[in-house]
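Please work through the exercises below with the sequence and the 3D structure at hand. Each task is followed by a solution that goes step by step.

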Amino acid sequence: MVKAILFDAAGTLIRLTRSVGENYAYVGTQVGLRLNAQQLDQAFSLAWTALPSRKAIDGPRDDDDKGLWHDIVFRVLDRAAPGLSALDRDNFFEIAYEHFAEPEVWELFPDVIEVLSELHPRYQLAVISNFDGRLRFVLEHLGVRKFFKYVFLSSELGADKPDPEIFHRSLKFIGVSADVTLHVGDDPARDWRAAAAVGLHVFELDRKTKSLRDLLRHPAL
């Protein structure tokens, strides 16, 4: 039944080796700042949740969405380190942006290689993520880029999950219809409900209760 499988990235295939706050605190040490990781985690969660939804545009977003991450980081610093100077903020952001492109910041979930190796010979596999071009470097260094014919990024497609347009544009690139495509993701809104609304088959990956290996028993495969 299924010809293509789309995979979310963060939370589905890859995860941070340390929390966002711990990574931000480390970045702080690189510019001479002492920041509290727990406060940074809380501030990031609030900043991420408060992000407004964006309308799809025709073509890629400006500067590979670097401006979006600049806004997020500054919101985090507003809460966790409000006294920082403009120069410290700018230095922090530039180092943080490069830091999250480093492969050692990320790791694969233990079940990923096994599952992708099983599926790759039989299906067209693709990544679809609310990320930017840094994700390609991460996937390459973690050894899984070879499994995916396409890597669809919201910064390049001009649409973000859960907007249906990101799925429509991805399916057009692959050349398949929604009814023969399965989406795999861990986010109830951005992955499960969004993909189902477009007519894709969905594997709801809740890593508290499931493994990616359970995908191999999905009835649509």
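Predicted model: local features only at pLDDT ≥ 70, side-chain atom pairs only at ≥ 80, totals over all residues.

Residues are numbered from 1 along each chain as its sequence is written, and side-chain values use heavy atoms, with hydrogens and water left out.

**Exercise 1.** Determine which residues of helix 4 are buried and where they lie around the helix axis.

Solution. Helices are DSSP runs of H or I with at least four residues, numbered from the N terminus, and buried means under 20% relative accessible area with a 1.4 Å probe, protein chains only. The buried residues of helix 4 are Arg89, Phe92, Phe93, Ala96, Tyr97 and His99. Seen down the axis, these buried residues fall within an arc of 155°, so they line one face of helix 4; the arc is taken from the directions from the helix axis to the C-beta atoms. An α-helix has 3.6 residues a turn, so residues three or four places apart point the same way. The cover over the buried residues of helix 4 includes helix 1 (20-30), helix 3 (66-80) and helix 6 (134-141), where contact means heavy atoms within 4.5 Å.

**Exercise 2.** Classify the ring pair of tyrosine 24 and phenylalanine 92, and state which parts the pair ties together.

Solution. Rings of Phe, Tyr and Trp (its six-membered ring) pair if their centres lie within 6.5 Å, and planes under 30 degrees apart count as stacked, over 60 as edge-to-face and the rest as tilted. By this rule there are ten aromatic pairs. For tyrosine 24 and phenylalanine 92 the centres are 5.6 Å apart and the planes are at 85°, so the pair is edge-to-face. Tyrosine 24 lies in helix 1 and phenylalanine 92 in helix 4, so the pair ties together parts that are 68 residues apart in sequence. Tyrosine 24 is buried at 3% relative accessibility, and phenylalanine 92 is buried at 0%.

**Exercise 3.** Find the charged end that sits over the ring of tyrosine 97.

Solution. A charge sits over a ring if NZ of Lys or CZ of Arg is within 6 Å of the ring centre and within 35 degrees of the ring normal. The charged end of lysine 66 meets this rule, 5.0 Å from the centre of the tyrosine 97 ring.

**Exercise 4.** Is serine 129 buried or exposed?

Solution. Serine 129 is placed in strand 4 (residues 124-129), a strand being a DSSP run of E with at least two residues. Its relative accessible area is 3%, so serine 129 is buried.

Notes. Buried < 20%, exposed > 50% of the residue type's maximum accessible area, 1.4 Å probe, protein only.
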